Amino acid sequence: MTSQSDLNPQLTQKKALTVRFQRIAIIGYVGLLLLMPLWLFLIAPREGHSNGFIFVVYILPLLLPLKGIIQDKPYTYAWANFIVMFYFIHGFTLLWVAQEQLLWVLLELLFASMMFIGCTYYARHRGQELGLKIRKLKDELAQEKAEQEYDRKNR
């Protein structure tokens, strides 16, 4: 018999550790989402760059996972890590070239680290709770080979 939680992943109970990682991810995400526009538009505007350019390059990427994070989709948390890598690169670069903005750079790195760690482990633990699995390439290749052999025999 199918339980209600099997039909709706939102009803599958989260463990305390999973909730903790989700909170860390959300704090990091919201922190970056608030920090970047405040920093780049108000605190230390970038000379030589238009506001549109700054929005598209520094803020828009953070908006891409917003819907999936609101909907609590573990897969969104997983791929959001690709986006947060940009903020690591940006922060580490500014450590060398913008010493006068050290506080803001350290905040960016802190929030990016929180988001990365939180998203990584939330996606992993929540995926396990929901029974989601990523198939191994070896298994996929073996299944594909078996299907091809079956097709050849039945022609």
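Predicted model: local features only at pLDDT ≥ 70, side-chain atom pairs only at ≥ 80, totals over all residues.
Residues are numbered from 1 along each chain as its sequence is written, and side-chain values use heavy atoms, with hydrogens and water left out. Local features need pLDDT of at least 70 and side-chain atom pairs count only at pLDDT 80 or more, while totals for chains, interfaces and linings use all residues.

**Exercise 1.** State how many helices and strands the chain has.

Solution. Helices (H or I, at least four residues) and strands (E, at least two) are DSSP runs, numbered from the N terminus. The chain has seven helices and zero strands. Its order along the sequence is α-α-α-α-α-α-α.

**Exercise 2.** Find the partner of Lys 14 in a salt bridge, and say which parts the pair ties together.

Solution. A salt bridge is a side-chain nitrogen of Lys or Arg within 4 Å of a carboxyl oxygen of Asp or Glu. Lys 14 pairs with Asp 72 at 2.8 Å, N to O. Lys 14 lies in the loop between α1 (4-7) and α2 (16-43), and Asp 72 in the loop between α4 (66-70) and α5 (74-97), so the pair ties together parts 58 residues apart in sequence.

Next, burial: buried means under 20% relative accessible area, exposed over 50%, partly exposed in between (1.4 Å probe, protein chains only). Lys 14, at 21%, is partly exposed, whereas Asp 72, at 11%, is buried.

**Exercise 3.** Describe the salt bridge between Glu 129 and Arg 126.

Solution. The N to O distance is 2.9 Å. Both residues sit in helix α6 (residues 102-130), three residues apart, and are therefore separated by about one helical turn. Glu 129 and Arg 126 are both buried.
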